[in-house]
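Subject: Structure handover

Hello,

Here is the structure you were waiting for. The findings follow below it.

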Amino acid sequence: MHSVAHFEDISYHIRRTLLSAKYSVKICVAWINGNVYNKIFQELNARGVNIEIIYNNDRINVKTPIIKLDKMLLFPVLPRLSSALMHDKFCIIDDEILITGSFNWSINAKNSFENIVIIYQDYKLIKQFLHEFEDLKNHFYYVQKNIQYKQKCAQCNSNTYNLGIFREEEGKYSDSVVQIWQICYTKQHTVLISERDEQFIHSWLLENHIDDFYNEENEYNKEIMLAEINSERTKTISIQNYFNSNHNVPMHAIGQKVLTNSTQHYKWNEAPDWEIKIIWRDMYFRKIIPSELYNDEQIENIIENYNY
């Protein structure tokens, strides 16, 4: 595992690293100059390297388009807001080399003060970028299907999103309740729209089986990383399928209610401090829905409704 930073001749270092690819290249960069990189893509394609490219869907990329090849998939991404950008800048080569930094692969980037870092075999870091890449691809397909969800809050007429929540299990049969709440963007008004009693739902859907692949005695390597990603993404799909088949409500985020002060609460009788940890968020709503919801303001309605 090692890394190197570049501040000059950045396009040269990117091209040279791309040419080292043996089987896959995943590029996620806002603007890509086809005049500079198409020859590289053609050479990689001729060698059988699979190429996937995510870029911002705008007129800048139309000026110097990326050539379409038989082993290439292109994903021109539109963010949720028209004023926003798909502004990520990273590339993953053979699932073991990561290029990231401020440099866009564009016409004018060479004129600015920019940087890239090339990181080799840091698999825990690369895994995070692989998840981001796959999430952006899913967002692309979501937009391509022209799925539009506009549901208004009855109290303030703001747009809303649907949040599914798993409660902690209890009892001999690991009883739990799964709820779906409608929450508005602006004032977090909440409305319960679905509820279902479940048994052993955590062991079925939420338990993490990463230890099946890795423990501290083993070196964390590419094989383990890829197995983890497959397990984590499969688990996410299973959770989404559960809500689609059992609640029949479009889902935008899924979370788990957890007690953050369990020792203090059970041992010293302190008041419980609950929060909802988000397990999954649709990319379309990721900038709206926080990664954690705390027991404050309007969200306390969910927490209080969800007590034992």
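What is the strand order of the open sheet of seven strands? It runs β1-β7-β6-β5-β2-β3-β4, and the pairing is mixed. Please keep in mind throughout that this is a predicted model.

The sheet

β1 (2-6) and β4 are the edge strands, each pairing on one side only. From one strand to the next the twist averages 10°. Within the sheet, β2 and β3 are joined by five bridges in the parallel sense. Lys26 has Glu52 of β3 opposite it.

Two helices rest on these strands. α1 lies across β1, β2, β5, β6 and β7, at about 25° to β7. α2 touches β2, β3 and β4 as it packs on the sheet, and its direction makes about 150° with that of β3.

In soluble globular proteins, nonpolar side chains tend to be buried together. The largest nonpolar core here has 29 residues, of which Leu18, Ile27, Ile53 and Trp105 touch the most other members. Two or more residues each come from α1 (10-18), β2 (24-29), α2 (34-46), β3 (50-56), β4 (72-77), β5 (89-93), β6 (97-101) and β7 (116-120). The element that gives the most is α2, with four residues.

For Ile53, leaving out residues up to four places away in sequence, the residues touched are Ile27, Ile32, Phe41, Ile66, Met72, Leu73, Leu74 and Phe75. There is also a second, separate core of 21 residues; among its members are Cys28, Leu98, Ile224 and Met283.

Beyond the residues up to four places away in sequence, Leu69 touches Phe41, Gln42 and Asn45.

A helix pair

Helix α4 (residues 123-144) packs with helix α6 (residues 222-246) at an angle of about 35°, and their axes are 10 Å apart. The crossing of α4 past α6 is right-handed. On the α4 side the contact is made by Tyr123, Ile126, Lys127, Leu130, His131, Glu134, Asp135 and Asn138. On the α6 side the residues are Lys222, Met225, Glu228, Ile229, Glu232 and Arg233. By type, the residues of this contact are five nonpolar, two polar and seven charged.

A loop residue

Ser174 is in the loop between β8 (160-166) and β9 (175-184). Is Ser174 buried or exposed? Ser174 counts as buried because its relative accessibility is 17%, and the cut-off for buried is under 20%. Apart from neighbours within four places in sequence, Ser174 is in contact with Glu169, Glu198, Gln199 and Phe200.

The protein as a whole

The protein contains eight helices and 13 strands. Its C-alpha trace spans about 65 × 50 × 35 Å along the principal axes. Of the 308 residues, 47% are buried. Among contacts with a separation of 6 or more, 64% are between residues 24 or more positions apart.

Regards

Technical notes:
Residues are numbered from 1 along each chain as its sequence is written. This is a predicted model: local features need pLDDT of at least 70, side-chain atom pairs count only at pLDDT 80 or more; totals for chains, interfaces and linings use all residues. Side-chain values use heavy atoms; hydrogens and water are left out. A nonpolar core is a set of buried Ala, Val, Leu, Ile, Met, Phe, Trp, Tyr and Cys residues joined through side-chain atoms within 4.5 Å. Buried means under 20% relative accessible area, exposed over 50%, partly exposed in between (1.4 Å probe, protein chains only). Contact means heavy atoms within 4.5 Å. Two strands pair if DSSP finds at least two bridges between them. Axes are lines fitted to C-alpha atoms, for helices over the stretch in contact, and angles run from 0 to 180 degrees between N-to-C directions. A crossing is left-handed if the near helix is turned anticlockwise from the far one by less than a right angle, and right-handed if clockwise. Ala, Val, Leu, Ile, Met, Phe, Trp, Tyr, Cys and Pro count as nonpolar, Asp, Glu, Lys and Arg as charged, and the others, Gly among them, as polar.
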